[in-house]
Amino acid sequence: MTNRTHTIRHHAILVLAVTTALACASRETPESIDLEVSQVFVTEPVTGERAAMYFSVTNNGDVDDELLAVSTMAAEVAEIHRTEQEGGTMKMVPVDALPVPAGGRVDLAPGGYHVMLLELTQNLFPNDRFDVTLRFRHAGEVVARARVIRHEDVEELVGSAAQRNPQDSR
Ligand SMILES: [Cu+2]
């Protein structure tokens with residue numbers, strides 16, 4: 001029994017060593033990964049249950065990246081959505097990953113991509129601020145500060161997807 005315990009512990013140390021080696025390897029090229037998240041706005045919830053979040057991601061590095069997930073203490077669930085026109089009606093489609101090409105910039109805005117905060121854990125009022133964690137495939141976790149804004153200010157502060165990304169407005 002003693003021998004078995006010893007073997008398991010030895011194995012655990014080996015796994016830890018491999019994990020550390022991988023972590024170091026991925027930091028070997030820090031100059032090529034440079035993501036900036038800015039202008040993080042959340043519109044005040046209408047129903048009290050959900051709110052839309054918009055922001056910009058600028059990829060100053062030379063590695064194509066992808067936003068994989070978003071999390072925050074303010075909501076139980078955060079989903080990446082894309083708004084699509086279908087037969088005159090707008091519908092929201094969940095997206096697994098949002099590409100952020102090297103040297104490019106992605107703007108989330110009404111009518112296009114957004115992050116839907118569902119099952120809010122707190123009331124959100126204009127000018128409230130809270131942290132959001134964005135997880136990228138290569139850049140890893142990026143923490144940004146979100147600010148709650150009034151609905152009537154969305155146009156001014158965020159604009160619309162058609163204005164921000166005229167090339168892919170449909
Ligand atoms: Cu949505």
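First, some ground rules. The model is predicted, so local features need pLDDT of at least 70 and side-chain atom pairs count only at pLDDT 80 or more, while totals for chains, interfaces and linings use all residues. Numbering starts from 1 along each chain as its sequence is written.

**Overall layout**

The protein chain has three helices and ten strands; these are DSSP runs numbered from the N terminus, with helices being H or I of at least four residues and strands E of at least two. Going along the sequence, the order is α-β-β-β-β-β-β-β-β-β-β-α-α. Out of 170 residues, 25% count as buried, meaning that 20 or more other C-beta atoms lie within 10 Å of the residue's own, with C-beta atoms placed from the backbone. Contacts are pairs whose C-beta atoms, placed from the backbone, lie within 7 Å. Among those with a separation of 6 or more, 71% link residues 24 or more positions apart.

**Who pairs with whom**

Strands pair if DSSP finds at least two bridges between them. Here are some of the pairings:

| Strands | Sense | Bridges | Example partners |
|---|---|---|---|
| E1 and E2 | antiparallel | six bridges | Glu-36 and Thr-58 |
| E1 and E10 | parallel | three bridges | Phe-41 and Arg-147 |
| E3 and E6 | antiparallel | three bridges | Glu-66 and Pro-99 |

**The core**

The largest nonpolar core holds 33 residues. Such a core is a set of buried Ala, Val, Leu, Ile, Met, Phe, Trp, Tyr and Cys residues joined through C-beta atoms within 7 Å. Val-42, Met-53, Tyr-54, Phe-55, Leu-67, Val-115 and Leu-117 touch the most other members. The elements giving two or more residues to this core are E1 (35-43), E2 (50-59), E3, E4 (75-86), E6, E8 (113-120), E9 and E10 (140-149). E2 supplies the largest share, six residues.

Which residues does Leu-117 touch, not counting residues up to four places away in sequence? Leu-117 touches Val-42, Arg-50, Ala-51, Met-53, Thr-72, Ala-74, Ala-75 and Ala-78. As general background, nonpolar side chains tend to be buried together in soluble globular proteins.

Key
Buried ≥ 20, exposed ≤ 12 C-beta atoms within 10 Å, placed from the backbone. Contact = placed C-beta atoms within 7 Å.
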